[in-house]
Amino acid sequence: MLLIWGFITLLTLAVIFLIWLHFNQVEPNTAYEGVAVEEKVANLESNLKKTLEIMQDLAKKMHVQQEVLDQTTAKLQQVELQNAELVNLLAQVVEHKK
């Protein structure tokens, strides 16, 4: 009978030791995972900042291109008006000579 109680005590101590060992191994893994997650977040923030800078540069370039296009359109309209005036003047000169 004493042998059975000794065996049960030994098994209980083994189970307690295994549970203690299991919980001690989980903590370092979560700490390592936390560091890995923090590194991933830092990398994502860096990538986001770079993407934002690229988008801002593109927006500035597009704004400059739009301004140049607007200026070109205004000049083209002026040239078209001048051409229309010249056509009218030529038409008047031709009719006047007839």
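The questions below concern a predicted model of a protein chain and the terms used to describe it.

In this predicted model, local features need pLDDT of at least 70 and side-chain atom pairs count only at pLDDT 80 or more, while totals for chains, interfaces and linings use all residues. Residues are numbered from 1 along each chain as its sequence is written, and side-chain values use heavy atoms, with hydrogens and water left out.

Q: Why is M1 called exposed?
A: Exposed means over 50% relative accessible area, buried under 20% and partly exposed in between, with a 1.4 Å probe and protein chains only; M1 has 73%, so M1 is exposed. M1 lies in the segment before α1 (2–97).

Q: Why does F17 count as partly exposed?
A: The relative accessibility of F17 is 46%, and therefore F17 counts as partly exposed.

Q: What makes the pair of F17 and W20 tilted?
A: Rings of Phe, Tyr and Trp (its six-membered ring) pair if their centres lie within 6.5 Å, and planes under 30 degrees apart count as stacked, over 60 as edge-to-face and the rest as tilted. By this rule the count comes to 1 aromatic pair. The ring centres of F17 and W20 are 6.0 Å apart and their planes stand at 35°, so the pair is tilted. Both residues lie in helix α1, 3 residues apart, about one turn of the helix.

Q: How does the radius of gyration of the protein chain stand against that of a compact globule?
A: Taken over C-alpha atoms, the globule rule is 2.2 Å times the number of residues to the power 0.38. A compact globule of 98 residues would have a radius near 13 Å, but the protein chain has 42 Å. The C-alpha trace spans about 140 × 20 × 5 Å along its principal axes.

Note on methods. Helix = DSSP H or I, 4+ residues; strand = E, 2+ residues; numbered from the N terminus.
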